[in-house]
Structure formats: structure tokens, C-alpha cells
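Subject: Structure handover

Hi,

Here is the structure for you to look through. My notes follow below it.

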Amino acid sequence: MQTATSRDAPHGVRQVEIGPERDGQRIDNALVTLLKGVPKSMIYRLLRTGQVRVNGKRAKPDTRLTNGDTLRIPPVRTADKVEGRGPAEGQVAEVAEAVIFEDKHFLVIDKPAGVASHGGSGVSHGAIELLRAARPQEHLELVHRLDRDTSGVLVLARTRAGLTGLQAAIRAGEVTKQYLCLMLGHPAKAKFDVNAPLLKSIMQGGERMVRVAESGKPSLTFFREMEQYPSARLMQATLGTGRTHQIRVHAAHIGHPLAGDPKYGDREMNKRYREMGLHRMFLHAAHLSFDLDGRAYSFSAPLPADLKDFLDTLAVKGKRLVYTREKSRTDF
């Protein structure tokens, strides 16, 4: 049974029957999703004043819901909001057709490049919103995220147990995440690690940047050469930690940034590659695997056609390209 809602007319009170996907979830977090657009301050005021009840009893913010509970939500008056247009049918279809696996707990897609993981920051609809539009009767939550320009394996949870279980495994470092990336130049070794702490910062104008800094969080990436190309190497990058922009910043830090990276990459090489057909960052989430409740999960997504085509072009037309390696800040 999925969480279901009924309304007690004429008072506008909602009676929500809790399904297994919210079993164990804190009530304040559940209300944030059930009352979309309502400020958190109002949600906590409703809880403090006893207007929210579980099985007839007043609930506190840290009350945890159980499958089968009846949640009473009072009528909430919010400022009128102009509704934007829903996602285009073509967008919904593209993401719906990208599903590569589904079971009781998870829905996995091979996310197309150019689709954000979720809406926000100028993006109306991300993969999660598009999938919810395609499957309106299902409860879906993002387990992790991929950058908008990064294609590949993206996992969504269909149950609360799947969401919390996989997120706990990610925090414990028990999930294998492997990417394919095109690294500029020719690293001195075919197999090496980059162990450099990363620090997030917000630049003027709100742009998020990450840099190597001693005060940052420990960050580790394992690189292994897969194929050789003129002026570049196709690398497999395995995450030892999962920091924001980790692969991109570590690659730039050793003087071999990713091809097409608009933020940390080489502007001149990006321009040359763009003329040869690379119109986005060359980064693809190729593999993700983990164990949960005695079952082994393993998901893989092949290199997409646009990146394959660029590699073919680079092999033939890139022989005159020369990348002058940036000065490395570390000896790897």
C-alpha cells in the first residue's frame, strides 16, 4: 500500500494513511514533501500547536511514522502561487525510456546528459520530477545525484527501506561508483590515486566551486587508464569518497582536467574539442554496485553515442592536437 490521502469536507482536513515508503520517517520530513511549498516554519508551528496528529495523538517534530498510521494534517493556507507549466511530454518520455532496472526497492535509469537530477537553480524539471510525472502513482526519491552534464547510472528509491539502506551504505563507503572520463594530456602512470582534501565554497553570484585545500574534507579517487587517444586518455575513475565535483577537481589538480569541463577544464582545449563534436563534459557514471539485505545489486550503463562518436573522431582527426600539461600541485 502506498501512502494515501483523503479529505474531510468541508473543513479541508487531510487524513493521510501512511504506506511502507514512509515507514520510519520523521514526521517533519514527511510533512515537507506532503505539504510542498509550505515554509518549514509553518510546518513546525503546526506541530508545536498540536494541529498535526498521528492516530489521534499530538505529534512532535521527531515523531517517526509507521506503516498503517493515520496522519491528520490541518488545512494550510499559503500564498497563491502561479503554477508553471508541467514538463514537456518529450522530456518525460526520454527519461521514462531510460529505465534500466526496477524492483520493489529501486528504480534505476541511465540518465541522459543535459537532464539535472532534480529541479532548482533555474531548472524546472529534473530526472526525479520527470519520473514522478511518468509514474504518478509511485513514491520516488533520489538516493544520490549526478551533475546535469554527467550521463549514466542514477538510482532512485521506491521504498523508505531502499532509500535509507542505500544512503547508509554510501555513507559507510560500501558502494562502488565508477566513472569513465576523458582526461587531457598523458598522465605519467597508467594507474594512480589522487588523495587531496576538497573544500566547497560559493563564489560571488552564487556559483558553487570546489578546490583542493588542507582545511577541506578527505577525498580519494582511483584512476586507471582504459584507452589512449591523441592529447588525451580515456580513464576509469573509482570513487574512494563521494565529494562534490570530486573527479573533476582531482583531475584538474594533477594538471590533467576533464575534456569539456566548463568550470575546471582547459578553455582552449575545450574550444578545439567542441569544434570536433564534443559539446559537453566527458564524464559518464558507468557502474554502481552494492549489497543490501543479503542481495547484491550491480548496475552498468554503456558509454553513450555522443561520447563514442567523439572518441572515434579524436582518434582520426586529433593527431595534431597537443595539450601542454598544466603545472601539477602534487606528485602522483
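A salt bridge is a side-chain nitrogen of Lys or Arg within 4 Å of a carboxyl oxygen of Asp or Glu. The whole structure holds 11 salt bridges.

Some background. The model is predicted, so local features need pLDDT of at least 70 and side-chain atom pairs pLDDT 80 or more, while totals for chains, interfaces and linings use all residues. Residues are numbered from 1 along each chain as its sequence is written, and side-chain values use heavy atoms, without hydrogens and water.

R248 bridges to D147, with the closest N and O atoms 3.0 Å apart. R248 sits in helix α6 and D147 in the loop between β8 (141-142) and β9, so the pair ties together parts 101 residues apart in sequence. Helices (H or I, at least four residues) and strands (E, at least two) are DSSP runs, numbered from the N terminus. R248 is buried at 6% relative accessible area. D147 is partly exposed at 25%. Buried means under 20% relative accessible area, exposed over 50%, and partly exposed in between (1.4 Å probe, protein chains only).

R132 pairs with E141, the closest N and O atoms being 3.4 Å apart. R132 is partly exposed at 27%, whereas E141 is buried at 18%.

R233 pairs with E225, where the closest N and O atoms are 3.4 Å apart. R233 is buried at 10%, and E225 is partly exposed at 22%. Salt bridges with shared partners also join E102, R135, E138 and R158 into one network.

Best wishes
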